[in-house]
Amino acid sequence: MKNQCERILKYLSDFGSITQMEAISDLGIMRLASRISDLRKEGYPIIREMVPGQNRYGEKTSYARYRLQTDS
């Protein structure tokens with residue numbers, strides 16, 4: 001898990017945010033929400049934004065996008 005958390009932090013630093021699909025395709029991490037919970041317990045200020053989208057059938061849906069909170 002530690003390696004996965006480190007990869008997520010690096011991804012957030014490099015790209016600014018991450019979604020479940022990005023975690024799977026880019027990092028090979030299947031349980032992003034669990035790793036985000038682990039990082040929050042370690043004190044990282046990670047915020048979740050629910051983003052509207054569509055699934056493969058054109059139906060409305062939403063998904064989580066996580067980013068580190070900044071003080072700006």
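Modeller: I'll start with helix 3 (residues 32–41), where Leu32, Ser34, Arg35, Ile36, Asp38 and Leu39 are buried. Buried means under 20% relative accessible area, exposed over 50% and partly exposed in between, with a 1.4 Å probe and protein chains only. Helices (H or I, at least four residues) and strands (E, at least two) are DSSP runs, numbered from the N terminus.

Biologist: What kind of model is it, and how are residues numbered?

Modeller: It is a predicted model, in which local features need pLDDT of at least 70, side-chain atom pairs count only at pLDDT 80 or more, and totals for chains, interfaces and linings use all residues. Residues are numbered from 1 along each chain as its sequence is written, and side-chain values use heavy atoms, with hydrogens and water left out.

Biologist: Back to helix 3: what do its buried residues pack against?

Modeller: They pack against helix 1 (2–15), strand 1, helix 2 (20–27), strand 2 (46–54) and strand 3. Contact here means heavy atoms within 4.5 Å.

Biologist: And just after helix 3? Which residue takes a positive phi?

Modeller: Gly43, with a phi of about 105°.

Biologist: Now the overall layout. In what order do the elements run?

Modeller: From the N terminus the order is α-β-α-α-β-β, with three helices and three strands in the chain. The C-alpha atoms fill a box of roughly 40 × 30 × 20 Å along the principal axes. Of the 72 residues, 31% count as buried.

Biologist: How do the strands pair?

Modeller: The three strands form an open sheet in the order 1-3-2, with antiparallel pairing. Strand 1 and strand 2 are the edge strands, each pairing on one side only. Two strands pair if DSSP finds at least two bridges between them.

Biologist: How many bridges join strand 1 to strand 3?

Modeller: Two. Strand 2 and strand 3 are joined by nine. Among the facing residues, Gly53 stands opposite Thr61 in strand 3. The hairpin of strand 2 and strand 3 has five residues between the strands, and Gly58 in this hairpin takes a positive phi near 80°.

Biologist: What is the bridge partner of Thr19?

Modeller: Arg65, in strand 3.

Biologist: And helix 1, what does it touch?

Modeller: Helix 1 packs on the sheet, touching strand 1, strand 2 and strand 3, and its direction makes about 95° with that of strand 3. Axes are lines fitted to C-alpha atoms, for helices over the stretch in contact, and angles run from 0 to 180 degrees between N-to-C directions.

Biologist: Is Thr19 buried or exposed?

Modeller: Thr19 counts as buried, because its relative accessibility is 6%. Thr19 is in strand 1 (residues 18–19). Leaving aside neighbours within four places in sequence, Thr19 is in contact with Leu32, Tyr63, Ala64 and Arg65.

Biologist: Ala64 came up there. Where does Ala64 lie?

Modeller: In strand 3 (residues 60–68). Ala64 is buried too, at a relative accessible area of 18%. With neighbours within four places left out, its contacts are Ile18, Thr19, Gln20, Arg48, Glu49 and Met50.

Biologist: Last topic, charges. How far apart are the mean positions?

Modeller: The mean positions of the 12 positive and 9 negative charges are 5 Å apart. Lys and Arg count as positive and Asp and Glu as negative, while His and the chain ends are not counted. The place of a charge is NZ of Lys, CZ of Arg, CG of Asp or CD of Glu.
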